[in-house]
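Please take a moment to look over the sequence and the three-dimensional structure shown below. The paragraphs after it lead through a few places, one after another.

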Amino acid sequence: MTSDTRRWRVEEEPGQDRLDAYLAARVTELSRSGAARLLEQGHVLVDGAPGRKSDTPRPGSELLLHLPAPEPSHIAPEDLPLTILYEDEDLAVIEKAAGMVVHPAPGHRSGTLVNALLFHMKDLSGIGGVLRPGIVHRLDRDTSGLMLVAKTDDAHRALSDALKRREVRRRYLAAAWGHVDREEWDVDAPIGRARTDRKRMAVMEGGRRARTRFTLLERWRAADLLRAELDTGRTHQIRVHLRYVGHPVVGDRVYGDGWERGFGGADRGWAQELAKRTRRQFLHAAELEFAHPRGGRHLSFSSALPKDLDAVAEWARES
């Protein structure tokens, strides 16, 4: 793939109030973070001057966008265990194990999902960048379950567009502290990076729109098992939304650490035992549905709770 330069004038109604968001909405190859990265690197000119991600796109302004060619990957393939549920020439559906980081990052240069993908698959798309080949969406390190992987650039663009149009259905199983007061409900609350701790996310005014649909599946003694369906895909979205409504994910050391100590009476011991048995956040990407980017064939996948979470759920049901 070679570099690409594009020039156009901003429409009368750009539809976005920030330049990074406008670029992500208009250029199919770009995510918002990718657009922000190109802006920071000086690859976007607005009327001849370097653009900033916080700039407001103004109708009639001339934009010049340079999409650099992907850098060759220096990530080493590693023979790591990887469950591949489906694979064809365009894409794959895999099960990520809990504890595996998706792509290399400071402190995680090896042992990532990308290292495993490079070993197990001959081709991966390059749109995700040198550190994220094939990665269409992510799961947190301690979240297990289904992920989509693109093997060609065309498939990556099509799947990313489908995600933006909310045509890829992603459903999770989550155990949440306490008892919710309804069978089904939505949380529609914007999420942004917390001002006091940049490693955490929070519901905040000015954040990006985030919507999660929840369904009650089982009531346990002092916790509920829920189905969570993403309508958007913000960082830590399910964990942040459940913390926001007062029912953090069981085992979540970031958004619900020590929550079990808030229970009193007969439930206190049960909650403490549940927390002890849950060694990581009880969150599993259990269902994935989408249309194949080549021909539109409907594909649907499911993944049962892995052994560690299934054992916790069995104990919670029987105790």
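**A walk through the model**

Lys-151 is found in the loop between strand 7 and helix 4, the helix that covers residues 153-164. Before going further, please keep in mind that this is a predicted model. The relative accessible area of Lys-151 is 12%, and because residues under 20% are counted as buried, Lys-151 is a buried residue. The side chain of this lysine reaches the backbone oxygen of Asp-88, at a distance of 3.0 Å. Is Glu-87 buried or partly exposed? With a relative accessible area of 36%, Glu-87 is partly exposed.

From here we can turn to a sheet. Strands in a sheet pair through backbone hydrogen bonds, and the pairing may be parallel or antiparallel. In this model, four strands form an open sheet in the order 1-4-2-3, and their pairing is antiparallel. Strand 1, residues 4-9, and strand 3, residues 49-50, are the edge strands, each of them pairing on one side only. Strand 1 runs antiparallel to strand 4, which spans residues 62-67, and six bridges join the two. Within this arrangement, Trp-8 stands opposite Leu-63 of strand 4.

The backbone itself also deserves a look. Most residues other than glycine have a negative phi. Asp-47 is not a glycine, and yet it has a positive phi of about 50°; this residue sits in the loop between strand 2, residues 44-46, and strand 3. Arg-166, likewise not a glycine, has a positive phi of about 60°, and its place is in the loop between helix 4 and strand 8, the strand of residues 169-177. Arg-166 counts as partly exposed, because its relative accessibility is 39%.

We now come to the aromatic rings, for which the count comes to six aromatic pairs. One of them is formed by Trp-220 and Phe-282, whose rings lie 6.0 Å from centre to centre with 70° between their planes, an edge-to-face arrangement. This pair links distant parts of the chain, for its two residues are 62 residues apart: Trp-220 is in the loop between strand 12 (211-219) and strand 13 (223-230), and Phe-282 is in the loop between helix 6 (266-277) and strand 14 (283-291). Trp-220 counts as buried because its relative accessibility is 5%, and Phe-282, at 0%, counts as buried too.

Why is the pair of Phe-290 and Phe-301 called stacked? The ring centres are 6.2 Å apart and the planes meet at 20°, so the pair is stacked, since planes under 30 degrees apart are counted in that way. This pair also links distant parts of the chain, with Phe-290 in strand 14 and Phe-301 in strand 15 (residues 298-302), 11 residues apart. Both Phe-290 and Phe-301 are buried, and together with Tyr-86 they form one aromatic cluster.

Finally, consider the spaces that the atoms leave open. Rolling a probe the size of a water molecule over the atoms shows where empty space is left. The second largest pocket has a volume of about 170 Å³. Its lining is made of 14 residues, and those nearest the centre of this pocket are Thr-83, Glu-95, Lys-96, Ala-97 and Ala-98. Strand 6 (91-96) and strand 7 (144-150) each supply at least two residues of this pocket's lining. Sorted by class, the lining of the second largest pocket holds seven nonpolar, five polar and two charged residues.

How many cavities of 30 Å³ or more does a search of the whole structure find? The search finds one, and the volume of the largest cavity is about 40 Å³. The residues that line the largest cavity are His-137, Leu-146, Arg-170, Arg-171, Tyr-172, Ala-285, Glu-287 and Leu-288. Strand 8 and strand 14 are the elements that give two or more residues to this lining. By class, the lining of the largest cavity divides into four nonpolar residues, one polar residue and three charged residues.

Definitions and conventions
Residues are numbered from 1 along each chain as its sequence is written. This is a predicted model: local features need pLDDT of at least 70, side-chain atom pairs count only at pLDDT 80 or more; totals for chains, interfaces and linings use all residues. Side-chain values use heavy atoms; hydrogens and water are left out. Rings of Phe, Tyr and Trp (its six-membered ring) pair if their centres lie within 6.5 Å; planes under 30 degrees apart count as stacked, over 60 as edge-to-face and the rest as tilted. Buried means under 20% relative accessible area, exposed over 50%, partly exposed in between (1.4 Å probe, protein chains only). On a 1 Å grid over the protein atoms alone, a cavity is a set of points where a 1.4 Å probe fits but cannot get out, and a pocket is an open set with protein on both sides within 12 Å along at least five of seven lines; lining residues have an atom within 4 Å of a point. Grid points are joined across faces, edges and corners, and a volume is the space filled by probe spheres set on the points. Ala, Val, Leu, Ile, Met, Phe, Trp, Tyr, Cys and Pro count as nonpolar, Asp, Glu, Lys and Arg as charged, and the others, Gly among them, as polar. Two strands pair if DSSP finds at least two bridges between them. A polar contact is a pair of N or O atoms within 3.5 Å; within protein, one must be able to donate a hydrogen and the other to accept it, and residues adjacent in sequence count only if both atoms are side-chain atoms.
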